[in-house]
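Dear colleague,

I am handing over a structure that will be new to you, and below it I set out what was found in it. Please read the notes with the structure open beside them.

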Amino acid sequence: MLDGLSVIYPYAKAFHVMAVISWMAGLFYLPRLFVYHAERGQGAEPAASFTIMEDKLLRLIMNPAMIATWISGLSLVLTPGIVDWSMIWPWTKAAGVLGMTWFHMWCAGQRRHLLGGQGLSGRRYRMMNEVPTLLMALIVVSVIVKF
């Protein structure tokens, strides 16, 4: 099994990069939709449009991309000789990925709050929109620099 992972490693890595790009696009865009929903979603039509966009982005793009990221990422980690667990970088990357997953779940919860009219302010959503950027920087620096 583990030898098979070595054979498919370049394909798993390519798939992982594509899945991460898709996931990150959603993580950047969904909080921005929340800003618009909170600030301009008064009235039946704007609120309904934002609700549909948020739902489709989360269910059809972000959730599958997150699952694909996790599956392909775990296959990379399990490939023999790829990760030196005595270094710091795999642990900081893992922390970043767990943070990114937490943020994804937070966004899903905020979508439910917005549906119930209990969402945060546009300003709070703008601030939270910076979280995936910080986590992405941690992850990319960890993987590239390998400290």
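A place to begin is helix H3, where Trp102 and Trp106 are four residues apart and therefore separated by about one helical turn. Please keep in mind throughout that this is a predicted model.

The rings of these two tryptophans, Trp102 and Trp106, have their centres 6.5 Å apart and their planes at 25°, so the pair is stacked. A search of the whole structure finds six aromatic pairs, and ring pairs link Trp102 and Trp106 with Phe34, Phe103 and Tyr125 into a cluster. Helix H3 itself has 27 residues and reaches 39 Å from its first C-alpha to its last, which is close to the 39 Å expected at 1.5 Å a residue. Just after H3 comes Gly117, which takes a positive phi of about 75°.

Next, the salt bridges, of which the count comes to three. One of them joins the side chains of Glu39 and Arg126, with 2.7 Å from N to O. Because Glu39 lies in helix H1 (residues 2-40) and Arg126 in helix H4 (residues 122-128), this pair ties together parts that are 87 residues apart in sequence. Both partners are partly exposed, Glu39 at 34% relative accessibility and Arg126 with a relative accessible area of 35%.

Asp55 takes part in a salt bridge with Arg59, at 3.0 Å from N to O, and these residues, being four apart in helix H2 (residues 44-78), are separated by about one helical turn. As background, an α-helix has 3.6 residues a turn, so residues three or four places apart point the same way. Asp55 counts as buried at 19% relative accessibility, since the limit is under 20%, while Arg59, at 44%, counts as partly exposed. The side chain of Asp55 also meets that of Arg111 in a salt bridge, here with 3.6 Å from N to O. Through salt bridges that share partners, Asp55, Arg59 and Arg111 are joined into one network, and within it Arg111 counts as buried at 14% relative accessibility.

Which residues of the largest nonpolar core touch the most other members? They are Leu27, Leu30 and Met100, in a core of 24 residues. Each of H1, H2, H3, H4 and helix H5 (131-145) supplies at least two residues of this core. For Met100, leaving aside its neighbours within four places in sequence, the contacts are Trp23, Met24, Leu27, Pro132, Leu135, Met136 and Ile139. As a general matter, in soluble globular proteins nonpolar side chains tend to be buried together.

Helix H2 deserves a separate look. It has 35 residues and reaches 49 Å from its first C-alpha to its last, close to the 51 Å expected at 1.5 Å a residue. Along H2 there is a kink of about 35° at Met62, and this kink lies shortly before the proline Pro64.

Two further sites complete the tour. His16 lies in helix H1 and is buried, with a relative accessible area of 11%. Not counting residues up to four places away in sequence, His16 touches Thr69, Ser72, Gly73, Leu76 and Lys93. Is Gly81, by contrast, buried or exposed? Gly81 lies in the loop between H2 and H3, and at 82% relative accessibility it counts as exposed, the limit for that being over 50%. The C-alpha atoms of Gly81 and Ser6 are separated by 9.0 Å, although these two residues are 75 residues apart along the chain.

With kind regards

Technical notes: Residues numbered from 1 in each chain as written. Predicted model: local features only at pLDDT ≥ 70, side-chain atom pairs only at ≥ 80, totals over all residues. Heavy atoms only, no water. Salt bridge = Lys/Arg side-chain N within 4 Å of Asp/Glu carboxyl O. Buried < 20%, exposed > 50% of the residue type's maximum accessible area, 1.4 Å probe, protein only. Core = buried A, V, L, I, M, F, W, Y, C linked by side-chain atoms within 4.5 Å. Contact = heavy atoms within 4.5 Å. Expected span 1.5 Å × (residues − 1). Bend = angle between axes of the 7 residues up to and from the residue. Phe/Tyr/Trp six-rings, centres within 6.5 Å; stacked < 30°, edge-to-face > 60°.
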